[in-house]
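Keep the structure open as you read.

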Amino acid sequence: MILARWGRRAWGPSLVLLAVILPALAAGASLDALVEPGEWERLQAAASAQRPTFGEMFLGWCAAPAEGAAVVDDEQVARRVGEARLAQVFGVLACTMLGYLVCTLANGRAMALLSTLCFCVLPPVVSDGHVLRAETAVVMLQLLALLLVQLLAMAQLPAAASFRRAGGVALGATAAACLGLAVASMPTMGGVLLFPSGLATLAAILVG
């Protein structure tokens, strides 16, 4: 009886955990896949940037620094790209977790689970989730900013509670910093990023 009750309680969290880690597992299974066009060039550009953006730092997070002359051997290129892809796997996991939390606060756990399962089967996630992209860091920052704005909209901030007001200011400032880093990571896409970010922020405030 105890095991049966525990099993009924555990199947829901287990399904959520599986849905959250599934995209990262799919991406991690392809770490040794052939280097896609543009991956090595993006990694080189991130390593040589004088003032790297957050997206460029994300690309080189797990890659070992180049030693001596430029790496030209195909085996070394594949090894370094494979190391850098670890950051992509963690980025996919972070995006899935943040997306689940955002949907949970907006529409409840059932809709969040459905959204997460739909995210899992997207071809860019299932087939190409391992490919190095600076956009992964941008999506992660946007989701984090949206989550913080949701928390800010849900918080009760009476005038007498100065520490709560300070917490609200901190949440808002952190959300703004995340959006700024996201736009700075993709400067040519700044307008495209700001429009959905503004809509998401407005929706979170209205729903909250």
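This is a predicted model: local features need pLDDT of at least 70, side-chain atom pairs count only at pLDDT 80 or more; totals for chains, interfaces and linings use all residues.

Let's begin with Thr 116, whose place is in helix α5, residues 109-120. Is this residue buried or exposed? Thr 116 is buried, because its relative accessible area is 4% and the cut-off for buried is under 20%.

Which residues does Thr 116 contact beyond its neighbours within four places in sequence? They are Ala 19, Val 20, Thr 96 and Tyr 100.

One of these, Thr 96, has its place in helix α4. Thr 96 is buried too, with a relative accessible area of 3%. Residues up to four places away in sequence aside, Thr 96 touches Ala 19, Val 20, Pro 23, Thr 116 and Phe 119.

**A buried glutamine**

Now to helix α7, where Gln 150 has its place. Gln 150 counts as buried, at 8% relative accessibility. Its side chain reaches the backbone oxygen of Val 102 at 3.2 Å. In sequence, Gln 150 and Ala 175 are 25 residues apart, while their C-alpha atoms are 10.0 Å apart in space.

| Residue | Helix | Relative accessible area |
|---|---|---|
| Thr 116 | α5 | 4% |
| Thr 96 | α4 | 3% |
| Gln 150 | α7 | 8% |

**How α4 packs with α7**

Two packed helices are described by the angle between their axes and the distance between those axes. For helix α4 (residues 74-107) and helix α7 (residues 135-154), the angle is about 25° and the axes are 9 Å apart. The two helices are therefore roughly parallel to each other, as angles under 35 degrees count as such. Their crossing is left-handed.

Which residues meet here? From α4 come, among others, Gln 88, Gly 91, Val 92, Cys 95, Leu 98, Val 102 and Leu 105. From α7 the residues include Thr 136, Val 139, Met 140, Leu 143, Leu 147, Gln 150 and Met 154. The residues of this contact divide into 16 nonpolar, five polar and no charged. Both Val 102 and Gln 150 belong to this contact, and they are also the pair joined by the 3.2 Å approach of side chain to backbone oxygen.

Terms used. Residues are numbered from 1 along each chain as its sequence is written. Side-chain values use heavy atoms; hydrogens and water are left out. Buried means under 20% relative accessible area, exposed over 50%, partly exposed in between (1.4 Å probe, protein chains only). Contact means heavy atoms within 4.5 Å. Axes are lines fitted to C-alpha atoms, for helices over the stretch in contact, and angles run from 0 to 180 degrees between N-to-C directions. Angles under 35 degrees count as roughly parallel, over 145 as roughly antiparallel, 65 to 115 as roughly perpendicular and the rest as oblique. A crossing is left-handed if the near helix is turned anticlockwise from the far one by less than a right angle, and right-handed if clockwise. Ala, Val, Leu, Ile, Met, Phe, Trp, Tyr, Cys and Pro count as nonpolar, Asp, Glu, Lys and Arg as charged, and the others, Gly among them, as polar. A polar contact is a pair of N or O atoms within 3.5 Å; within protein, one must be able to donate a hydrogen and the other to accept it, and residues adjacent in sequence count only if both atoms are side-chain atoms.
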